[in-house]
Amino acid sequence: MNIIDTSSNTNLKNHQNDSITNIPLFHIKGIDYMLSSKNYTDIIFQSISSVEFFKEKEILKNKNIYSMGPSTKNYLAQKEINSICPEIPGSKELNKLLLENRTKGKYLIIKGEDGLNDVFNHLNKNGENVEELICYTRIKLDKYDHIKKNFTEADAIIFSSTFAVEIFFEEIHSSNIKAKLFGISNRIIKFISEFGYEAKFINYFSGDIEESVKIST
């Protein structure tokens, strides 16, 4: 089976299998930012890249740390930082978790440019003191012609972001591609459906991604 994983974050490669090829559809680049305070009580990381490009790791000591999903939680753990993560990844479940554990403190959300605003809006609406910090951006590749053949030969394509889905349908998709489409969250699956295509959920954090794809096809 020929599986393409479109993740742009190398830290998500939790699989070792010759049938899975990582072909990122965009680059991730850190950007300069200014931290307005160090007196936050609760710090929320929305992605692995938000962890990677956040420089002031020393301020995380003795803080309530939250992660959007298991990949971000695992990456924080690699840096010996414990975080609270919802059982079901995504902003909807994280919002519930934040309100269950609300401290009436000062929240900092660390994210990428054009990242989701759901958590910020939810906390703000509920009267919490919350700020956002943007520490990275996503950049499209200069060209895509050199990777199109890979996709026509694929049996399955895995998407870990809506941006990758958008690029796929704008730059790569054609009638020659017969691969099954998979998303690692319901939000991504819904986004794929807006292009008129069906996608299935895949447990990206299972021990065997290839087996998960086979079961779903």
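A: Glu128 is buried, with a relative accessible area of 5% (buried means under 20%, exposed over 50%, partly exposed in between, with a 1.4 Å probe and protein chains only). This is a predicted model, in which local features need pLDDT of at least 70 and side-chain atom pairs count only at pLDDT 80 or more, while totals for chains, interfaces and linings use all residues. Residues are numbered from 1 along each chain as its sequence is written, and side-chain values use heavy atoms, with hydrogens and water left out.

What does Glu128 pair with? Its partner in a salt bridge is Arg102, and their closest N and O atoms are 2.7 Å apart (a side-chain nitrogen of Lys or Arg within 4 Å of a carboxyl oxygen of Asp or Glu). Because Arg102 lies in the loop between α3 (91–100) and β6 (106–112), and Glu128 in the loop between α4 (118–125) and β7, the pair ties together parts that are 26 residues apart in sequence. Helices (H or I, at least four residues) and strands (E, at least two) are DSSP runs, numbered from the N terminus. While Glu128 is buried, Arg102 is partly exposed, at 35% relative accessible area. Lys104 belongs to the picture too: Arg102, Lys104 and Glu128 are linked in a network of salt bridges. As background, side chains of opposite charge can pair when their charged atoms come close.

A salt bridge joins Glu131 and Lys106, with 3.8 Å between the closest N and O atoms. Glu131 is in strand β7 and Lys106 in strand β6, so this pair links distant parts of the chain, 25 residues apart. Glu131 counts as partly exposed at 25% relative accessibility, whereas Lys106 counts as buried at 19%.

Apart from neighbours within four places in sequence, Thr137 is in contact with His27, Ile28, Lys29, Ile31 and Glu113 (heavy atoms within 4.5 Å).

Which residues of α3 are buried? They are Ser91, Leu94, Asn95, Leu97 and Leu98. These residues cover an arc of only 165 degrees around the axis, so they sit on the same side of α3 (the arc is that of the directions from the helix axis to the C-beta atoms). On the other side of α3, Lys92 and Glu100 are exposed. The buried residues of α3 pack against β4, β5, β6 and α4.

Glu58 lies in the loop between α1 (48–52) and β5 (64–67), and Lys38 in the loop between β3 (26–30) and β4 (42–45), so the pair ties together parts that are 20 residues apart in sequence. Glu58 is exposed, with a relative accessible area of 51%.

To finish, here is a stop among the rings. Ring pairs link Phe151, Phe159, Phe168, Phe169, Phe191, Phe195 and Tyr197 into a cluster, and the whole structure has ten aromatic pairs. Phe159 and Phe168 form an edge-to-face pair, 5.3 Å centre to centre with 65 degrees between the planes (rings of Phe, Tyr and Trp, the last by its six-membered ring, pair if their centres lie within 6.5 Å; planes under 30 degrees apart count as stacked, over 60 as edge-to-face and the rest as tilted). Phe159 is buried at 0% relative accessibility, and Phe168 is buried at 0% too.
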